[in-house]
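I opened my notebook on this model and wrote down what I looked up. The entries follow, one topic at a time.

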Amino acid sequence: MPSKEIKDKYELVVGLEVHVQLLTKSKMYASDSTEFGNLPNTNISVITLGHPGTLPKVNKRAVEFAMKLGLACNSEITRTNIFARKNYFYPDLPKGYQLTQDKNPVCVGGFVPVTLEKKGEKRNVELTRIHMEEDAGKSMHLAGEVDTLVDYNRAGVPLLEIVTEPCIKSSEEAYQFMAEIRKLVRYLEICDGNMEEGSMRCDANISTRLKGETALGKKVEVKNMNSFRNVARAIEHEFDRQIDMLENNEEIISETRTFDATTGLTSSMRTKEDLNDYRYFPEPDLSPVVISEEWLESIKVGMPSLPRELHKRFVEEFGLPEYDANVLTDSKEIALYFEELCAETKNYKAASNWMMGPVKSYLNELTLHISDFPVTPKQLASLISLIDEGKVNFSVASQKIYPEMLKNASQTPLEIAQKLNLIQESDEGSLKPIVESVLAENEAKVAEYRSGKKGLLGMFMGQVMKKSKGKADPKVANKILSELLDN
């Protein structure tokens with residue numbers, strides 16, 4: 001590993017190719033099912049397998065998903081879309097070619113804003129293109145099997161490939177870009193973003209150059225990364241490896257490498273000295289897909305709120321800290337629940353604290369989705385109001401009322417508080433005798449307090465809360481205590 005001094009001489013340059021598998025019910029050019037987890041080679045047909053005489057047909061929903069992602073990424077939408085054959089032989093490619101887009105991708109240019117948490121810096125990751133294509137099958141090497149097995153269920157499943165410019169300068173930026181893409185596709189409901197199931201995959205093109213140079217170094221493509229963390233680890237390792245080679249006057253070979261998550265190392269798969277000749281040519285069996293102004297406008301009208309829009313609203317309109325807004329917008333469903341909650345209460349920070357604390361804890365503990373959460377936004381807002389009105393304190397609300405709401409959502413927080421005799425006592429006339437009795441029982445401590453041990457105030461408050469069975473309003477009790485102790 002190079003020293004920090006040596007590392008500071010060099011600049012990392014990364015371009016990412018992110019594939020997202022679309023949540024359509026049928027394949028990109030055939031009506032076969034796309035359901036994940038079915039028995040091998042059951043989601044196939046003569047069209048998927050490319051039998052002679054079969055004709056593909058473009059999946060309209062996949063085109064609409066592509067438009068949605070393009071609009072979310074600030075891309076220009078191509079109006080006339082022509083498909084092409086990308087020719088290469090591989091056992092999991094049943095037709096011997098892949099139907100994709102070559103010179104006119106459906107989305108051109110664009111950018112995705114990211115925030116670098118370590119520096120607090122905001123950057124736009126520029127995109128080259130987003131294009132539509134079909135997935136390949138899957139080669140399987142099972143233990144004890146001599147031969148390679150092939151499952152064609154995935155062949156033909158719709159994909160969008162998001163290609164960035166070589167503009168990413170750190171592993172953190174790559175990580176944040178992928179996190180933002182996953183958030184976008186989930187908000188748009190076009191992909192589930194599960195890397196462990198292969199529905200979101202990433203290849204990283206990594207090169208290294210001396211700071212100040214403008215020419216790109218030879219790039220190395222790293223494949224087989226199944227998590228954001230592993231993408232970042234592979235980039236870091238490859239940067240170090242390439243610096244060591246440059247420092248030792250070794251030539252960096254343009255190649256494809258694989259990443260081993262166990263060791264954290266990359267290893268060579270095949271060289272890429274010569275550009276692959278895929279012999280692209282327009283697909284003769286597919287007519288161009290023309291996106292009309294009306295069609296595009298209908299997609300624009302149906303676009304949901306995007307995470308960056310909600311984040312801006314939460315910070316600017318609701319006055320939340322950046323951290324809160326980041327946590328709340330990480331999941332579309334959580335963000336929308338929070339929006340509904342804020343329509344019922346104006347105490348936005350309290351609403352945020354409840355969402356990030358008790359609500360998320362409950363969901364995580366039971367592995368539940370927010371749609372399974374038994375408390376409605378209106379009910380949670382009512383609980384926040386009880387605290388704001390001084391009828392209960394947060395401790396009582398979170399530890400006694402909230403658990404009852406989870407068990408029986410038909411009861412209002414006020415009904416639960418009354419049933420359990422938890423309504424806070426705020427009347428000074430009722431609380432003063434309790435405070436006076438606590439001070440009378442602790443004369444020695446009172447003397448210590450008056451001699452300068454002001455930290456004893458907490459002890460007195462604890463005694464008052466105990467005597468009142470937790471029903472004393474802390475603000476009122478504290479006021480009475482201070483007045484009696486300081487006189």
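Before anything else, a term I need: I call it a polar contact when two N or O atoms lie within 3.5 Å, one able to donate a hydrogen and the other to accept it, and for residues adjacent in sequence both must be side-chain atoms. I also keep in mind that this is a predicted model.

**Entry: D102**

I used that term at once. The side chain of D102 makes a polar contact with the side chain of K103, at 3.2 Å. I found D102 in the loop between β5 (97-100) and β6 (107-108). Is D102 buried or exposed? I call D102 buried because its relative accessible area is 19%, and the cut-off for buried is under 20%. Leaving out residues up to four places away in sequence, I noted that D102 touches A84, R129 and Y280.

**Entry: E64**

Next I went to E64, in helix α2. E64 has a relative accessible area of 18%, so I logged E64 as buried. Which residues does E64 touch, not counting those up to four places away in sequence? I got W295 and I299. E64 and I299 are 235 residues apart in sequence, yet their C-alpha atoms are 7.2 Å apart in space.

I then looked up T48, which sits in the loop between β1 (10-21) and α2 (60-72). T48 is buried, with a relative accessible area of 6%. Setting aside neighbours within four places in sequence, I listed its contacts as K27, A30, D32, P94, K95, Y152 and A155.

How many cavities of 30 Å³ or more does a search of the whole structure find? I counted two. The largest cavity holds about 50 Å³ of space. I wrote down its lining as T48, L93, P94, K95, Y97, E134, D135, A155 and G156. By class, that lining has four nonpolar, two polar and three charged residues.

The second largest cavity holds about 40 Å³. T48 turned up in this lining too, along with K27, M28, Y29, A30, I47, K95, E134 and G156. Here I again noted four nonpolar, two polar and three charged residues.

**Entry: the second largest pocket**

I moved on to the second largest pocket, with about 790 Å³ of space. Its lining has 25 residues, and Q176, E180, K183, N326 and T329 lie nearest the centre. Which element gives the most to this lining? I found that α3 does, with seven residues. β7 (111-116), α3 (171-188), α6 (307-316) and α7 (322-328) each supply at least two. By class I logged eight nonpolar, six polar and eleven charged residues.

**Entry: helix α8**

In helix α8 (residues 332-342) I noted K332, I334, A335, Y337, F338, L341 and C342 as buried. What covers the buried residues of α8? My list includes α3, α6, α7, α9 (348-365) and α10 (377-388).

**Entry: α14 against α15**

Helix α14 (residues 443-450) packs with helix α15 (residues 457-467) at an angle of about 145°, and their axes are 10 Å apart. From α14, K445, V446 and Y449 meet L457, M459 and F460 of α15. I classed this contact as five nonpolar, no polar and one charged residues.

Key: Residues are numbered from 1 along each chain as its sequence is written. This is a predicted model: local features need pLDDT of at least 70, side-chain atom pairs count only at pLDDT 80 or more; totals for chains, interfaces and linings use all residues. Side-chain values use heavy atoms; hydrogens and water are left out. Helices (H or I, at least four residues) and strands (E, at least two) are DSSP runs, numbered from the N terminus. Buried means under 20% relative accessible area, exposed over 50%, partly exposed in between (1.4 Å probe, protein chains only). Contact means heavy atoms within 4.5 Å. Axes are lines fitted to C-alpha atoms, for helices over the stretch in contact, and angles run from 0 to 180 degrees between N-to-C directions. Ala, Val, Leu, Ile, Met, Phe, Trp, Tyr, Cys and Pro count as nonpolar, Asp, Glu, Lys and Arg as charged, and the others, Gly among them, as polar. On a 1 Å grid over the protein atoms alone, a cavity is a set of points where a 1.4 Å probe fits but cannot get out, and a pocket is an open set with protein on both sides within 12 Å along at least five of seven lines; lining residues have an atom within 4 Å of a point. Grid points are joined across faces, edges and corners, and a volume is the space filled by probe spheres set on the points.
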